[in-house]
Amino acid sequence: RKQFIDIVLERSERKLQGMIDSTAYQTAVVSWIVEGVIGLDATSVIVETTAAESDIVESLIKAAETQARAVTGSEISIVKSSTNRMGSPGVIIRDTASARAYDNTVITRIERYRSDIQRLIADRQAERRAERLSEE
């Protein structure tokens with residue numbers, strides 16, 4: 001069962017990697033940046049990303065600043081890091097005033113929901129077993 005869950009998580013990450021150019025993914029990235037700003041309670045952050053997402057994230061900065069300002073009521077400064085060392089798609093938001101960071105990479109987000117995913121898989125497996133038993 002653990003292997004099955006690992007396969008599901010791996011396929012999910014690959015699917016999301018292939019969606020980088022989609023509007024839905026870009027909308028998610030903006031919300032991930034805003035979530036990081038709020039989670040860090042920061043007014044100035046640096047956003048790190050992958051080389052593949054660099055231009056896309058750069059184009060989303062203003063939208064993220066606008067949304068963060070609307071939520072927090074504060075002026076927010078967001079800049080993209082000049083380095084693109086990350087391996088997993090998504091973003092890491094770093095507070096410029098401290099060493100704190102908020103990891104919103106795809107793999108980390110999937111791991112955050114691992115127990116929910118495991119529960120969904122277990123529930124579906126139980127439903128299938130019950131269906132098979134009722135057919136017998």
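This is a predicted model: local features need pLDDT of at least 70, side-chain atom pairs count only at pLDDT 80 or more; totals for chains, interfaces and linings use all residues.
**Helix pair.** I started with helix H1 (residues 2–17) and helix H5 (residues 114–135), which pack at about 120 degrees with their axes 11 Å apart. Axes here are lines fitted to C-alpha atoms, for helices over the stretch in contact, and angles run from 0 to 180 degrees between N-to-C directions. H1 and H5 are therefore oblique to each other (under 35 degrees is roughly parallel, over 145 roughly antiparallel, 65 to 115 roughly perpendicular, the rest oblique). I then looked up who touches whom: Phe4, Ile5, Asp6, Val8 and Leu9 in H1 meet Arg114, Ile117, Gln118, Ile121 and Gln125 in H5 (contact means heavy atoms within 4.5 Å).

**Ground rules.** Residues are numbered from 1 along each chain as its sequence is written, and side-chain values use heavy atoms, leaving out hydrogens and water.

**Parallel strands.** Next I checked strand S1 (residues 44–48), which pairs with S2 in the parallel sense over 4 bridges (pairing takes at least two DSSP bridges; helices, H or I, are DSSP runs of at least four residues and strands, E, of at least two, numbered from the N terminus). Opposite Ile46 I found Val79 of S2.

Last, I saw S3 (residues 90–95) and S4 (residues 101–105) run antiparallel, joined by 5 bridges. Val91 has Asn104 as its bridge partner in S4.
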